Amino acid sequence: MKVLENGIYRDMTEEEMAQLENSKPTYQERVVSRIREKYSVDDELAILRQRDTKPEEFAEYNNFVENIKFTEKSY
């Protein structure tokens, strides 16, 4: 695998590869990843922008996100 360092791509060291394999995604990364499975960034922005005109759609989105956040906290 290549990594960009000082504007130059180089191969990752074995230590860097091991670190990458052993690293766990953060809470925020897990939440965003799960949200993206259903909603794109554009979809999410549209729902947030129209929360007052489409309250049912916003409530569905908000419940979905809150469930993910609750589930991922216990991970």
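**From chain to side chain**

Guide: Start with the surface. The protein chain exposes about 6300 Å², and carbon and sulfur atoms supply 51% of that area. Keep in mind that this is a predicted model.

Next, the overall form. The C-alpha atoms fill a box of roughly 50 × 30 × 15 Å along the principal axes. The radius of gyration is 18 Å, whereas a compact globule of 75 residues would have one near 11 Å. Of the 75 residues, 16% count as buried.

Now the fold. The protein chain holds two strands and four helices. Their order from the N terminus is β-β-α-α-α-α. Take the contacts between residues at least 6 apart in sequence: 40% of them join residues at least 24 apart.

Charge comes next. The protein chain carries 12 positive and 17 negative charges.

Now zoom in on arginine 30. This residue lies in helix H2, which spans residues 27-36. Is arginine 30 buried or exposed? Its relative accessible area is 14%. The cut-off for buried is under 20%, so arginine 30 counts as buried.

What does arginine 30 touch, leaving aside residues up to four places away in sequence? The partners are Pro25, Glu72 and Tyr75. With proline 25 there is a polar detail: its backbone oxygen lies 3.0 Å from a polar atom of the arginine 30 side chain.

How values were computed
Residues are numbered from 1 along each chain as its sequence is written. This is a predicted model: local features need pLDDT of at least 70, side-chain atom pairs count only at pLDDT 80 or more; totals for chains, interfaces and linings use all residues. Side-chain values use heavy atoms; hydrogens and water are left out. Buried means under 20% relative accessible area, exposed over 50%, partly exposed in between (1.4 Å probe, protein chains only). A polar contact is a pair of N or O atoms within 3.5 Å; within protein, one must be able to donate a hydrogen and the other to accept it, and residues adjacent in sequence count only if both atoms are side-chain atoms. Contact means heavy atoms within 4.5 Å. The radius of gyration is taken over C-alpha atoms; the globule rule is 2.2 Å times the number of residues to the power 0.38. Accessible areas come from the Shrake-Rupley method with a 1.4 Å probe; for residues, only the protein chains shown count as cover. Lys and Arg count as positive and Asp and Glu as negative; His and the chain ends are not counted. The place of a charge is taken as NZ of Lys, CZ of Arg, CG of Asp or CD of Glu.
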